[in-house]
Amino acid sequence: MADTAAMPPLSLGPASVASGQRHLLGIAGMTAAEIEPFLDLAESYALLSRSRKAPRDRLQGRTLINLFFEDSTRTRTSFELAGKRLGADVINMTVATSSVNKGETLLDTAATLNAMRCDLLVVRHGMSGAPQLLARKVEASVVNAGDGTHEHPTQALLDALTIRRHLGRLSGLEVAICGDVGHSRVARSNIHLLKALGSSVRVVGPPTLVPGALADLGVSVHHDMERGIADTDVVMMLRLQKERMGSGLVPSEREYFRFFGLDQRRLVLARPGALVMHPGPMNRGVEIASAVADSDQSVIQEQVEMGVAVRMAVLDRLSRGGYA
């Protein structure tokens, strides 16, 4: 497998945002004025969810299809819960047992989905750009649930909502994104969103996983963990994405944790009360110590909770004609 971490950051051009704003395919190119209404609506849904209430008629009569070409129990379940809480008919298509696994092309799949007349399509795919292709061919509104090493926009939205709930703002914050940044679609979406909302972003990790070309995204690149997280407001850890790596990018998990793992000794270098985040799934003892993951500074479980609220907001807004 090619070492994609050594490649420059992927750009799919203006289509990443979505033609006509009917879709949510990426954060790149979105403005604060386009992002903040998603966060505001998600905040209201978070409060409703905690009170065990939801507008179950919002998507009544609409059909949501979760089309996942890659496994992701957390994200798929979050979208399923979001759709059901809004009253949609939710269908989970299992690609491993579908016609896709028997040789059907992505364009054939698009034709099939059009025949089904679904209203909302959530797509996760291992190939960068697959949701963009489907968005050009289907009548439904498409939500990118992660494509290759490109973007994962709803993860960035839920991360932003979590930060805003705790720190009250995003503008003027120092955020460190640490770990396997080069292979991470989560990191790319977060970089675009945080910068659009006025945060300064650092990326931290070994040169094999945090290539210098990432500086083209307007971030500062650090290959020393202590310096990278010093005086930051948020420390966001990422897992090693072994399924996307070539061999030899890290000597061993033990050595990786020794130099780039987040433990209590390193966390004290960040600002007092700095938030600890992780998109999951976590590898305890590899990129983060259990004591830190379970500490009072950790908002990892709240990220999961905010994921449902954000996805409710996204499905709601797109079902009402986009976010213009």
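Trainee: How many salt bridges does a search of the whole structure find?

Mentor: The search finds 15 salt bridges in the whole structure, where the term stands for a side-chain nitrogen of Lys or Arg within 4 Å of a carboxyl oxygen of Asp or Glu. This is a predicted model, in which local features need pLDDT of at least 70 and side-chain atom pairs count only at pLDDT 80 or more, while totals for chains, interfaces and linings use all residues. Residues are numbered from 1 along each chain as its sequence is written, and side-chain values use heavy atoms, with hydrogens and water left out.

Trainee: What makes the pair of E302 and R165 a salt bridge?

Mentor: The closest N and O atoms of E302 and R165 are 3.1 Å apart, and this value lies within 4 Å, so the pair meets the definition. The pair links distant parts of the chain, with E302 in helix α11 (residues 300–319) and R165 in helix α5, 137 residues apart. Helices here are DSSP runs of H or I with at least four residues, strands are runs of E with at least two, and both are numbered from the N terminus.

Trainee: Why is E302 called buried, and what is R165 called?

Mentor: Buried means under 20% relative accessible area, exposed means over 50%, and partly exposed is in between (1.4 Å probe, protein chains only). E302 has 16% relative accessibility, so E302 counts as buried, whereas R165, at 25%, counts as partly exposed.

Trainee: Which parts of the chain are linked by the salt bridge of E174 with R202?

Mentor: In this salt bridge the closest N and O atoms of E174 and R202 are 3.3 Å apart. The pair links E174 in strand β5 (residues 174–178) with R202 in strand β6 (residues 200–204), 28 residues apart. R202 has a relative accessible area of 13%, and therefore R202 is buried.

Trainee: What are R284 and D294 called, going by their relative accessible areas?

Mentor: R284 has a relative accessible area of 41%, so R284 is partly exposed, while D294 has 53% and is therefore exposed. Their side chains meet in a salt bridge, with 3.0 Å from N to O.

Trainee: Which residues are linked in a network of salt bridges?

Mentor: The network links E226, D263, R265 and R266. R266 is found in helix α9 (residues 264–267).

Trainee: Why does R266 count as buried?

Mentor: R266 has 3% relative accessibility, which is why R266 counts as buried. Apart from neighbours within four places in sequence, R266 is in contact (heavy atoms within 4.5 Å) with residues including M225, E226, I229 and F257.

Trainee: What makes Q155 buried, and which residues does Q155 contact?

Mentor: Q155, in helix α5 (residues 153–167), has 5% relative accessibility and therefore counts as buried. Once neighbours within four places in sequence are left aside, Q155 is in contact with V186, P279, Q303 and R311.

Trainee: Why is α5 called oblique to α6?

Mentor: Helix α5 and helix α6 (residues 185–196) pack at an angle of about 55 degrees, and their axes are 8 Å apart. That angle makes α5 oblique to α6, because under 35 degrees counts as roughly parallel, over 145 as roughly antiparallel, 65 to 115 as roughly perpendicular and the rest as oblique. The residues that make the contact include Q155, L157 and I163 of α5, and V186, L193 and L194 of α6. By class, the residues of this contact divide into 8 nonpolar, 3 polar and 1 charged.

Trainee: How do you know that α2 and α11 are oblique to each other?

Mentor: The axes of helix α2 (residues 73–85) and α11 come within 8 Å and cross at roughly 55 degrees, and α2 and α11 are therefore oblique to each other. Among the residues that meet are R74, F79 and R85 in α2, and V304, R311 and L315 in α11. The contact of α2 with α11 has 7 nonpolar, 4 polar and 3 charged residues.

Trainee: How many helices and strands does the protein have, and what share of the residues is buried?

Mentor: The secondary structure comes to 11 helices and 9 strands, and buried residues make up 54% of the 324 residues in the protein. Of the contacts with a separation of 6 or more, 75% are accounted for by residues 24 or more positions apart.

Key
Axes fitted to C-alpha atoms, helices over the stretch in contact; angles between N-to-C directions. Nonpolar A, V, L, I, M, F, W, Y, C, P; charged D, E, K, R; others polar.
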